[in-house]
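Reader: I would like to go through this model feature by feature. Please give the general idea each time, then the case at hand.

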Amino acid sequence: AQAKKEEASQQQQQQEAEEQRLLGDTKQGTKTGYNATEDGGRSTSTDEQTPLLPLVFLLRGTFIQLIFVLPVGIWWLFGVKDVLLALGQGEELSEMTAQYLRILTPGLWCYSI
């Protein structure tokens, strides 16, 4: 029974030490928040602790995706028929494919955002 009490006490101390490490030293009147290098870029604001890194990743990913998707959509709007004709496709099939891709272009852009 004594060993169980000592083990529970050690676990409690470890948990308190972990909380102290994450929250900073509140006894000295400083609230340091999360360290950006330890906890994945969380804010170190004294008023609130909000994660900034996921929003940065979201916006960066959206921007990179649009860099690739916008030229493809523009190509679908204006240049598919000529490329297909140059590759040896028939006139009718090239025209139908170009019309189909013109209809799909707004969906491509909206879906990518």
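Author: Begin with the order of elements: from the N terminus on, the protein chain runs α-α-α-α. It has four helices and zero strands; helices (H or I, at least four residues) and strands (E, at least two) are DSSP runs, numbered from the N terminus. This is a predicted model, in which local features need pLDDT of at least 70, side-chain atom pairs count only at pLDDT 80 or more, and totals for chains, interfaces and linings use all residues. Residues are numbered from 1 along each chain as its sequence is written, and side-chain values use heavy atoms, with hydrogens and water left out.

Reader: What is the mean pLDDT of the protein chain?

Author: pLDDT is the predictor's confidence in each residue, from 0 to 100. The chain mean is 80, and 75% of the residues reach 70 or more. Where pLDDT is low, the predicted coordinates should not be read in detail. Here pLDDT stays under 50 over residues 28-32, for which the model has seven contacts beyond four places in sequence; contact means heavy atoms within 4.5 Å.

Reader: How many Å should helix H2 span, and how far apart are its end C-alpha atoms?

Author: The expected span of a helix is 1.5 Å times one less than its number of residues. Helix H2 (residues 53-78) has 26 residues and should therefore span 38 Å, in agreement with the 38 Å between its end C-alpha atoms. H2 also has a kink of about 25°, centred on Leu66; the bend at a residue is the angle between axes fitted to the seven residues ending there and the seven starting there.

Reader: Which residues of H2 are buried?

Author: Buried means under 20% relative accessible area, exposed over 50%, and partly exposed in between (1.4 Å probe, protein chains only). An α-helix has 3.6 residues a turn, so residues three or four places apart point the same way. In H2, Val69, Gly73 and Trp76 are buried, and their cover includes H3 and H4.

Reader: Is Thr105 buried or exposed?

Author: Thr105, in helix H4 (residues 91-112), counts as buried because its relative accessibility is 0%. Leaving out residues up to four places away in sequence, Thr105 touches Gly73, Trp76 and Leu77.

Reader: Where does Ile74 lie, and what does Ile74 touch?

Author: Ile74 lies in helix H2 and is partly exposed, with a relative accessible area of 46%. Beyond four places in sequence, Ile74 touches Gly79 and Trp109. The C-alpha atoms of Ile74 and Thr105 are separated by 8.1 Å, with the two residues 31 apart along the chain.
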